[in-house]
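Please open the model in your viewer and keep the selection panel at hand. The stops below can be followed one after another.

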Amino acid sequence: MKILDEKPDALLKRAVRGDEQAFLALYQKHQSALYRYALRMTGSQWAAEEVVQDVFLVLIREPQKYQAARGELGAFLYGVARNRVMKHLEKTPRELSLDVMNADGSAWYEPEDPLTPMMIAEKRERIEQVREAVLGLPAEFREAVVLCELEEMSYQEAASACGCPIGTIRSRLHRGRALLLAKLELLRDAPRRASAGAK
Amino acid sequence: MRHAAQAQEPSSLRTVRKVVAMMDCEEFELRGLDLDRADADPQEAAAAAKHAEICGRCSAMLESWREVKCDLRLLRESTWLDSAPARVEMRLKQELRTRREARGPHRTAVIASGALAAAAVVVASLGWMQIHHKAEKSVAAESKIVATGDMLATSPNENENDVRLAADFDTGEFTQLPGSLSSGTGDESILQVRMQRGALERYGLPVDPERASELVDVDFLVGEDGQPLAVRLHQDTQIAAVTQ
């Protein structure tokens, strides 16, 4: 059986015993999503890097904190990442390091479809606007948007990751969407409607 | 006729119709934007779509949201390949190795201490067993002394008075009894007995019949099994005299 086919609990047990391959399998499976989540929540590559590192250090140093009976490993890791992100946001509530993200070319994925330079520039600008708008949302609404819209989690998964009821996630997402709409309309200077949710 | 058709409708369809009919702008703001989600409630989605068809304001909001969804999709696609830098993995691997290496000596120490503890228990048990065995042997030797005294002495009264154990013995003065083997373990005891000279004949020693009735003081070297191994006569009664 391939190592990637093993159940997370079995991999974690092996990793705790010092099996590097098992640990790397877990890391490779979860790190990307956790990094994106942290990056979108903090807007800082450095902070996202720290968050991912902290999450897996918890797994190495305090594996007993994860209890399979209480949920999946992915949800547990999201929970740890969320705590770290919130602590980071408490310390630096409005830290927006968009320039840092732009300076690093790896953040930009060049689409394969043929676009004119004008179209590419326009697309890039729209992405930056939406990124900025997401980062400008209050943390709890931002989290709902990031998990449900960007990470495409179901309400159930997002609720599990945040440790709250589904209704709370839906409510936060509703508010987040409304604020996002209002922000983007303002950024694009094209109010299409009276912003209902952002009253 | 219409009532009859309604009665034939499935109940789920009737519910959809009811939800579609009931959704207003406020509800659309709350749930209408879930319209395109994969996990959206189909009834609510149908109701939201129906409401958007008839409400210009909510239709504009839905259109705006779909544009934002497109932008969010672009953002998602542009960052989909983002992942933690390789240095994070390196740091974590290092941490894992450090912990594994730290755990190795710890495990060795635990095993070593366990082995030492087990060894200590074994040594203590052996010591206790030896002490216990010696105590039993002393009791057995005392019994043997009495038995040997009875056997050797012509008079029971004399044996009871004269038999005693000595702590040490001088091997240089002892004469090995015929047929006995020296154990060499150092666990032998000396048994002092006053007995008739003639009784020495039982141990294979030659005795002058004329002096067989004389009383002599004899040291017996008694082995672990209580059997005499060697004999020694006291000062005035040397073996030579015995053999006269």
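This is a predicted model: local features need pLDDT of at least 70, side-chain atom pairs count only at pLDDT 80 or more; totals for chains, interfaces and linings use all residues.

Residues are numbered from 1 along each chain as its sequence is written, while chains are lettered from A and ligands numbered from 1 in the order in which they are written.

**Chain A as a whole**

Begin by selecting chain A, which has 9 helices and 0 strands, helices being DSSP runs of H or I with at least four residues and strands DSSP runs of E with at least two, both numbered from the N terminus. Of its 199 residues, 40% count as buried; a residue is buried if 20 or more other C-beta atoms lie within 10 Å of its own, exposed if 12 or fewer, and partly exposed in between, with C-beta atoms placed from the backbone.

**The largest nonpolar core**

Next select Ala38(A), Val52(A), Ala81(A), Val145(A) and Ala158(A), which touch the most other members of the largest nonpolar core, a set of 73 residues. A nonpolar core is here a set of buried Ala, Val, Leu, Ile, Met, Phe, Trp, Tyr and Cys residues joined through C-beta atoms within 7 Å. Helix 2 of chain A (residues 20–42) gives the most to this core, with 12 residues. Around Ala81(A), leaving aside neighbours within four places in sequence, show Leu34(A), Tyr37(A), Ala38(A), Val51(A) and Val55(A), with which Ala81(A) is in contact, that is, with C-beta atoms, placed from the backbone, within 7 Å.

**Two crossing helices**

Now display helix 4 (residues 73–91) and helix 8 (residues 155–162) of chain A, whose axes come within 7 Å and cross at roughly 55 degrees; the axes are lines fitted to C-alpha atoms, for helices over the stretch in contact, and angles run from 0 to 180 degrees between N-to-C directions. Helix 4 of chain A is therefore oblique to helix 8 of chain A, since angles under 35 degrees count as roughly parallel, over 145 as roughly antiparallel, 65 to 115 as roughly perpendicular and the rest as oblique. Ala75(A), Tyr78(A), Gly79(A) and Arg82(A) of helix 4 meet Ser160(A), Ala161(A) and Cys162(A) of helix 8.

**Where the chains touch**

Bring in chain B, which puts 34 residues into the contact, against 37 residues from chain A. Helix 5 of chain B (56–79) gives the most to the side of chain B that touches chain A, with 14 residues.

Then centre on Leu33(B), in the loop between helix 3 (25–31) and helix 4 (42–54) of chain B. Is Leu33(B) buried or exposed? Leu33(B) is buried, because 25 other C-beta atoms lie within 10 Å. Apart from neighbours within four places in sequence, Leu33(B) is in contact with Arg177(A), Leu62(B) and Trp65(B).

**Strand 5 of chain B**

Finally, select strand 5 (residues 228–233) of chain B, where 5 of the 6 residues are buried, so the strand is largely enclosed by the rest of the structure. Strand 4 (residues 215–222) of chain B pairs with strand 5 in the antiparallel sense over 5 bridges, pairing requiring that DSSP finds at least two bridges between two strands. Leu221(B) stands opposite Ala230(B) in strand 5. These two strands form a hairpin with 5 residues between them, and Gly226(B) in the turn has a positive phi of about 85 degrees. Strand 2 (residues 175–176) of chain B also runs antiparallel to strand 5, joined by 2 bridges, and there Thr175(B) stands opposite Val231(B).

Definitions and conventions. Two residues are in contact if their C-beta atoms, placed from the backbone, lie within 7 Å.
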